[in-house]
Amino acid sequence: MSAPDTGDRTPGAVADGQSSFATVLTPALTVAVSLLGLCLLWGFAANAWPSRAFPGPGQVWQVLLAEAASGDLFYHLGATLGRVAAAYVIAMVVGSVIGVALGSYRSADRFFSPWVILFLNIPALVVIVLAYIWFGLNEAAAIGAVAVNKIPNVVVTMREGARALDPSYAEMAAVYRFGLLDRIRHVLLPQLQPYLAAASRSGIALIWKIVLVVELLGRSNGVGFQIYLYFQLFDVAAILAYTLAFVAVMLVIELLLVQPVERHATRWRRRPA
């Protein structure tokens, strides 16, 4: 009597598949339940204190649908996301190069350390205003001001990462005569990955907040511009609609882009049993 045909799937493979599915599904369900609880609490508070200054989730949702139907929501979200992406790339590239250089050369670090401290403590609003005065109300000034505000933070994080580099790996690369690209790919980046992840994660959170201020002060589109417009009209529902829409976009980017890339970059690390 022959055994029943179970195909190519074994119990272990089925269990692994179920485990992977649960690993992906559980965080999403947790986020959904958490946000639902927040909305319920918000709705309860809005009903307990009815006021135009504190609209409920239903009012905000109606405004959100109306702005989306008109196309204004997507237009302004796109403008803000473009500025966030451009400032993020500039800040990460420039800040990483400077940070690794300062962490690798002590004399340079001692000389430029006061510069880093100075730029770390200059208020973002001052940088934005000066950029607009010096370079005009244009995209280059807006994106440059945001990048300048973030670069010192990236420099500090990557400088610590460069200081923590293991010199034995550099010696191994010299023995095996690695080229420059191989040194960066196989020696430098794997060791700097935790610091890059920390700078990237904090960078996204900081940059989009500064972009809104940049748009409020000197741009004619974007989420910050719309928030300023509806502030003048005292339309709190519209302010919350644009704010929550952009927060939702950043949350999607975090869940679908940042976290998967981070898991892929750290796949070589040993996982706890």
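Predicted model: local features only at pLDDT ≥ 70, side-chain atom pairs only at ≥ 80, totals over all residues.
Reader: With which residue does R83 form a salt bridge whose closest N and O atoms are 2.7 Å apart?

Author: The general idea is that a salt bridge pairs a side-chain nitrogen of Lys or Arg with a carboxyl oxygen of Asp or Glu within 4 Å. Here the partner of R83 is E139, with the closest N and O atoms 2.7 Å apart. This pair joins distant parts of the chain, since R83 lies in helix 3 (residues 72–104) and E139 in helix 6, 56 residues apart.

Reader: Which residues are linked with R83 in a network of salt bridges?

Author: The network links R83, E139, E215 and R219.

Reader: How many salt bridges does the structure hold?

Author: The structure holds 6 salt bridges. Two further examples involve D109. In one of them, the side chains of R159 and D109 meet with N and O 3.0 Å apart. R159 is in helix 6 and D109 in helix 4 (residues 106–121), so that pair too links distant parts of the chain, 50 residues apart. R159 is buried, with a relative accessible area of 10%, and D109 is buried with a value of 10%.

Reader: What is the other residue that forms a salt bridge with D109, with the closest N and O atoms 2.4 Å apart?

Author: That residue is R163, whose closest N and O atoms to D109 are 2.4 Å apart. R163 in helix 6 and D109 in helix 4 are 54 residues apart, and the pair links distant parts of the chain. R163 has 43% relative accessibility and therefore counts as partly exposed.

Reader: How is the packing of two helices described?

Author: Two packed helices are described by the angle between their axes and by the distance between those axes. In this structure, helix 3 and helix 6 pack at an angle of about 35°, and their axes are 6 Å apart. Their crossing is right-handed. The contact of helix 3 with helix 6 comprises 17 nonpolar, 5 polar and 5 charged residues.

Reader: At what angle do helix 5 and helix 6 pack?

Author: Helix 5 (residues 124–135) and helix 6 (residues 139–163) pack at about 150°, with axes 9 Å apart. Helix 5 passes helix 6 in a right-handed crossing. On the side of helix 5, the residues in contact are A124, V127, I128, A131, Y132 and F135, and they meet A141, A142, A145, V148 and N149 in helix 6. By class, this contact has 10 nonpolar residues, 1 polar residue and no charged residues.

Reader: Which residues does the UniProt annotation "transmembrane region" cover?

Author: According to the unreviewed UniProt entry, the annotation covers residues 21–45, 85–103, 115–135 and 229–253. Over residues 115–135 the chain is 90% helix and 0% strand, with the end C-alpha atoms 22 Å apart. Residues 229–253 are 88% helix and 0% strand, and their end C-alpha atoms lie 26 Å apart.

Reader: How many helices and strands does the chain have?

Author: The secondary structure comes to 10 helices and 0 strands. Of the 273 residues in the chain, 31% are buried. Among contacts with a separation of 6 or more, 73% are between residues 24 or more positions apart.

Methods
Residues numbered from 1 in each chain as written. Heavy atoms only, no water. Axes fitted to C-alpha atoms, helices over the stretch in contact; angles between N-to-C directions. Helix = DSSP H or I, 4+ residues; strand = E, 2+ residues; numbered from the N terminus. Left-handed = near helix turned anticlockwise from the far one by under 90°. Contact = heavy atoms within 4.5 Å. Nonpolar A, V, L, I, M, F, W, Y, C, P; charged D, E, K, R; others polar. Buried < 20%, exposed > 50% of the residue type's maximum accessible area, 1.4 Å probe, protein only. UniProt positions renumbered as here; feature names shortened; annotations may be inferred.
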